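Please consult the sequence and the structure shown here alongside the text.

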Amino acid sequence: MRQINTAFKLVKAWIKNKIGILQPIVLAHMVTFRCNMRCHYCDYWRRNSYEMSLREIETLFKEASDLDVAIYTATGGEPLIREDTCSILNLANDRLLHVTHH
Ligand code: SF4
């Protein structure tokens, strides 16, 4: 059922974009800049950046859902370093967003 819903949203977005109605498809979210890999060529892990609270993320997902966004991807930094990553992904899932991460 979830895949059908995602496929339907993607087709709808494709049609809308084809006729000139801009439709966002993917919500790419850097849930954190923190990363335990600390690669020398990357400066993400050196930043002391603000992270959205779970409540703010919930609002973000509601807005994405209202806009018919089909896919949510959690990225970073290392998303799994956040203690509440499972809650974030569950909230995305509850909003019928197809969840990916990298
Ligand atoms: S975010 Fe990626 S590139 Fe940057 S330190 Fe982490 S693993 Fe390395």
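Three strands make up an open sheet, ordered E1-E2-E3, with parallel pairing. Strand E1 and strand E3 (98-101) lie at the edges with a single partner strand each, so one side of each has no neighbour in the sheet. From one strand to the next, the twist averages 25 degrees, where axes are lines fitted to C-alpha atoms and angles between N-to-C directions run from 0 to 180 degrees. Two strands are taken as paired if DSSP finds at least two bridges between them. Strands and helices themselves are DSSP runs numbered from the N terminus (strands: E, at least two residues; helices: H or I, at least four).

The model is predicted: local features need pLDDT of at least 70, side-chain atom pairs count only at pLDDT 80 or more, and totals for chains, interfaces and linings use all residues. Residue numbers start from 1 along each chain as its sequence is written.

| Pair | Bridges | Direction |
|---|---|---|
| E1 (residues 26-32) and E2 (residues 71-76) | six bridges | parallel |
| E2 and E3 | four bridges | parallel |

Thr73 of E2 is the bridge partner of Ala28, and Thr73 also stands opposite Thr100 in E3.

The chain contains three helices and three strands, which follow one another from the N terminus as α-β-α-β-α-β. Within this series, E1, H2 and E2 make a right-handed β-α-β unit; right-handed means that, with the strands pointing away from the viewer, the path from the first strand over the helix to the second runs clockwise. After H2 comes Asp68, which has a positive phi near 65 degrees.

The loop between E1 and H2 holds Arg46. Is Arg46 buried or exposed? Arg46 is exposed because 10 other C-beta atoms lie within 10 Å (exposed: 12 or fewer; buried: 20 or more; partly exposed: in between; C-beta atoms are placed from the backbone). Of the chain's 102 residues, 17% count as buried.

Around the ligand are Cys35, Met37, Arg38, Cys39, Cys42, Tyr44, Trp45, Gly76, Gly77 and Glu78, a residue being near a molecule if its C-beta atom, placed from the backbone, lies within 6 Å of it.
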